[in-house]
Number of protein chains: 2
Amino acid sequence: MITCFGALKERILKDGKCLEGGILKVDGFINHQIDPDLLEQMSVEFIRRFADVKFNKILTIEASGIAPAVMLGFLLHLPVVFAKKKKPSTMDNMLTTTVYSFTKNRTYDVCCSRNFLCRGDKVLFIDDFLANGNAAKGIIDLVQQAGAELAGMGFLIEKSFQHGGDYLRSQGIKVESLAVIDSLDNCRISFADDSIAC
Amino acid sequence: MITCFGALKERILKDGKCLEGGILKVDGFINHQIDPDLLEQMSVEFIRRFADVKFNKILTIEASGIAPAVMLGFLLHLPVVFAKKKKPSTMDNMLTTTVYSFTKNRTYDVCCSRNFLCRGDKVLFIDDFLANGNAAKGIIDLVQQAGAELAGMGFLIEKSFQHGGDYLRSQGIKVESLAVIDSLDNCRISFADDSIAC
């Protein structure tokens, strides 16, 4: 069952902006300006949803994933690793993968040091958006290369009409998204679960 | 008086790595893997050091500034804005400035929406490193363009031998750095304040 998280849904309806081409702007509270109190509420909700899963590390990808990952790591006292979109000249012992971005119509490399993503690690991946799932697939590749285990994937907002979530769930991955949007057609925000309780 | 923050200094000595060319690697606890508990301690220290300053917003720059800025914003219940190094296609009402990176020997644009950096805002800027101060100068430019006020600038680590801090302090800006390194010569980490109390 898809359920969404009331506090975030309300905030999306209040401050989110829908642009042409299936774009949802949440730059007032998630990915340019951040509301740390909402961030805490969202992290608490992730803790509830992943309560039955064991993990020892939070993994994310720069830049917009860092804030939710750090808040969750703080509440759980777990280290947070952020994969980088550019290879730092000083990174050694590196894992890399290539991700295709539909939005930007180009590929980019994502990399992570083996020093911090290790065999035996059980990682929970956190990011702001799940759309077509290409970044998530890149993360799965990095986790596999490292010999680590993916405990689950948590997203603040899933655009279910872009079907990345379908793919990840079909792979048996536990995926939790705090707000699931099933259409942005005609610049109207439609949530997958429109029940009042949501 | 330059003072440094004991918990961070100890961690730098334990897990920091000094590379050729004045580079200090802190990717095990600050800018690739993050230790959220240390992050909290550092934010508490910023709160102490900026206790006499009024501000209503935390400003930082992606990507490594996000974690310390979010933690500080969370503890103070203040919004956090991160300036971006690439112009998002959906950003409107934008402020931009150009920053020259000595490390990478190239310029890059830094941008921020006027919607979130506004006339009348009093902002505390937070970042992981202060070296030659070029990114900080770009931020000062953005703050001035917005008609906002810079309440202070806080850095986790200052490399005082690269003199960005001298410039910022000469402009009358309150600058606080939690660890001040005055030399990385011969791949040895030397702190500006080597007293036992530090």
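## A sheet that takes in both chains

Which strands form the open sheet, and in what order? The order is β11(A)-β10(A)-β9(A)-β8(A)-β4(A)-β5(A)-β3(B). That makes 7 strands, and their pairing is mixed. The model is a predicted one.

Now look at the edges. One edge strand is β11 (190-191) of chain A. The other is β3 (33-34) of chain B. Each of these pairs on one side only.

## Strand pairs across the chains

Start with β5(A) and β3(B). They pair in the antiparallel sense, over 2 bridges. In this region, A:Val80 stands opposite B:Ile34, a residue of β3(B).

Next, take β3(A). It is joined by 2 bridges to β5 (residues 80-83) of chain B, and the two strands run antiparallel. Which residue of β5(B) is the bridge partner of A:Gln33? The partner is B:Val81.

## Where chain A touches chain B

How many residues are in contact between the two chains? The contact involves 28 residues of chain A and 28 residues of chain B. Several elements of chain A each supply at least two residues to its side: β2 (23-25), β3 (33-34), α2 (36-49), α3 (66-76) and β5 (80-83). Helix α3(A) gives the most, with 6 residues.

What kinds of residue are these? On the chain A side, 16 are nonpolar, 6 are polar and 6 are charged.

## The nonpolar core

In soluble globular proteins, nonpolar side chains tend to be buried together. Here, the largest nonpolar core has 120 residues. The residues with the most contacts inside this core come from both chains. They are A:Val70, A:Leu117 and A:Ala179, along with B:Val70, B:Leu117 and B:Ala179.

Take B:Val70 as an example. Set aside its neighbours within four places in sequence.

## Helix α4 of chain A

Helix α4 of chain A covers residues 134-146, which is 13 residues. From its first C-alpha to its last it reaches 19 Å. That is close to the 18 Å expected at 1.5 Å a residue.

Which residues of α4(A) are buried? They are A:Ala135, A:Ala136, A:Gly138, A:Ile139, A:Leu142, A:Val143 and A:Ala146. Seen down the helix axis, these buried residues fall within an arc of 155°, so they line one face of α4(A). After the helix comes A:Gly147, with a positive phi near 75°.

How values were computed
Residues numbered from 1 in each chain as written. Chains lettered and ligands numbered in written order. Predicted model: local features only at pLDDT ≥ 70, side-chain atom pairs only at ≥ 80, totals over all residues. Helix = DSSP H or I, 4+ residues; strand = E, 2+ residues; numbered from the N terminus. Expected span 1.5 Å × (residues − 1). Buried ≥ 20, exposed ≤ 12 C-beta atoms within 10 Å, placed from the backbone. Arc of directions from axis to C-beta. Contact = placed C-beta atoms within 7 Å. Nonpolar A, V, L, I, M, F, W, Y, C, P; charged D, E, K, R; others polar. Pairing = 2+ DSSP bridges. Core = buried A, V, L, I, M, F, W, Y, C linked by C-beta atoms within 7 Å.
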